Every structure is written in C-alpha cells, then in structure tokens.
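Me: I am new to reading protein structures. Could you walk me through one, feature by feature?

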Amino acid sequence: MVIGHWSLVIGHWSLVIGHWSLVIGHWSYQQVKLFAGYIDKKMKTQGTGYATAIVLIQKLLEKLLGDDVLVRVQLPIQLGDTEPKPSIAVVMPDALRYTDRHPIASEIYLLIEIADGTLQNDCEIQGNIYARAKIDDFWVLDINERQLHVFREPSDDGYGSQMILSEDATVALSAFSKCTFCVREMLQPVAAS
C-alpha cells in the first residue's frame, strides 16, 4: 500500500512487534515509523527548506517558551497503537519524564508537520490521526506556498476548525495564547531576485 508519493507501507503491525523489530535490528529508528498500525518506511529525503524550517521553528519556540516546554524534533510520540514522528512536538517539559516512554496526547501542546510536497498527506491522513487522538493544536507549515495550516477542535471525525494563514499572519499556540509570532519567522527568507 502506498501513502502519497513518499512512503512504502510494509504491513500491519502492533506497537510491541514494531518495537521488537527495531530492537533486533530489522530496521533502524531513522528508517521507519509506526503509523496507524503500519510500518511506514520513508523514501523521501529532507530538502534544505525542510531542514531550515525545523531549525528555525525549534529555536523560535525554545526562545519564546523557554523552560515551559520541551521541543522535540522528529522523535516518536505515543498515540494508542500509533507512534508517529512529527516534524516538531511541543510537549510538557522535563526530558527525563520520557525516559521509559514517548509523550502521550495529554502531554502534547502542539504538533507541527512541515510539508515539502506532502501537504495533502500531512493535512488529511496525519491530521485525522491526530484529531482522533485529541491533539488540540496541530499545524502544517507548507514551505512551498509559505502558508501555515492551523487545525483545532479535534474530534473522531477530524478537526472542526481549520485556518490557512499567510506568511504575514501572526499565530499563537492554544496552550500559550499570549505567545504570538509571525508565520514568516518559521520560514527561510525569500531569495532576492
């Protein structure tokens, strides 16, 4: 089964069997993620725009929110039997809190996916998984169109609220509403022509 143009799904797995396969060395953590009961082997490499956005967002959130949060980059979260690796997860602080498990939905303030040719998959497939897990604040940063898709009001049927913000718009995390910043701060500067 193919999800979008960037992934090969290798079969239906449980979280326990998935972890066991990683432990015995069948795959490395960088090669795969457990996503909605499937081992998802990523095929697309990260471009410079994606990598730049990761660094800009991490630094911005750490600067603005400090010790009130822990910003995790491309690390697993635990949503039932699903273990996705969002581009950015803003979670409850204290790295030692997660020594024997990954953050669960109630510990997550914000998830961000960075779309570089993956917008539909990020918004629809991952968005529905995050909504069913009751992730209150989910963003997709479309680095090609320079827009931020903000999803809120999760339910089993998806997100009840979606906004598409331009790079000139300001945004705030639901959990930290006084902390606002411009979407442009998450994007690499436009090259002068």
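Reply: We will take cores, then one proline, then salt bridges. Keep in mind that this is a predicted model.

Me: Start with the core. How many residues does the largest nonpolar core have, and which have the most contacts inside it?

Reply: General idea: in soluble globular proteins, nonpolar side chains tend to be buried together. Here, the largest nonpolar core has 29 residues. Those with the most contacts inside it are L61, W139, L141, L148, L173, V183 and M186.

Me: Which elements each supply at least two residues of this core?

Reply: One helix and several strands are on the list, among them α2 (48–65), β8 (137–142), β9 (147–155) and β12 (176–182). The largest share comes from α2, with seven residues.

Me: What does the second core include?

Reply: That core is separate and has 17 residues. I77, Y98, A115 and A131 are included.

Me: Now a single residue. Where is P76 found, and is P76 buried or exposed?

Reply: Look in the loop between β5 (70–73) and β6. The cut-off for buried is under 20% relative accessible area. P76 has 8% relative accessibility, so P76 counts as buried.

Me: What is P76 in contact with, leaving aside neighbours within four places in sequence?

Reply: The partners are E83, P84, K85, H102 and P103. Take P103: this residue is 27 residues from P76 along the chain, yet their C-alpha atoms are separated by 7.9 Å.

Me: On to charges. How many salt bridges does a search of the whole structure find?

Reply: General idea: side chains of opposite charge can pair when their charged atoms come close. The search finds seven salt bridges. One of them joins R97 and E107, with the closest N and O atoms 2.8 Å apart. Both residues lie in the loop between β6 and β7, so the pair ties together parts that are 10 residues apart in sequence.

Me: Which other residue forms a salt bridge with E107?

Reply: R101 does, with the closest N and O atoms 2.6 Å apart. Compare the accessibilities. E107 is buried at 4%. R97 is partly exposed at 34%, and R101 is partly exposed at 32%.

Me: What about E167 and R146?

Reply: Their side chains meet in a salt bridge, 3.0 Å from N to O. This pair links distant parts of the chain, 21 residues apart. E167 is in the loop between β10 (158–166) and β11, while R146 is in the loop between β8 and β9. Both are buried. A network of salt bridges links R146, E167, D168 and R184.

Notes. Residues numbered from 1 in each chain as written. Predicted model: local features only at pLDDT ≥ 70, side-chain atom pairs only at ≥ 80, totals over all residues. Heavy atoms only, no water. Core = buried A, V, L, I, M, F, W, Y, C linked by side-chain atoms within 4.5 Å. Buried < 20%, exposed > 50% of the residue type's maximum accessible area, 1.4 Å probe, protein only. Helix = DSSP H or I, 4+ residues; strand = E, 2+ residues; numbered from the N terminus. Contact = heavy atoms within 4.5 Å. Salt bridge = Lys/Arg side-chain N within 4 Å of Asp/Glu carboxyl O.
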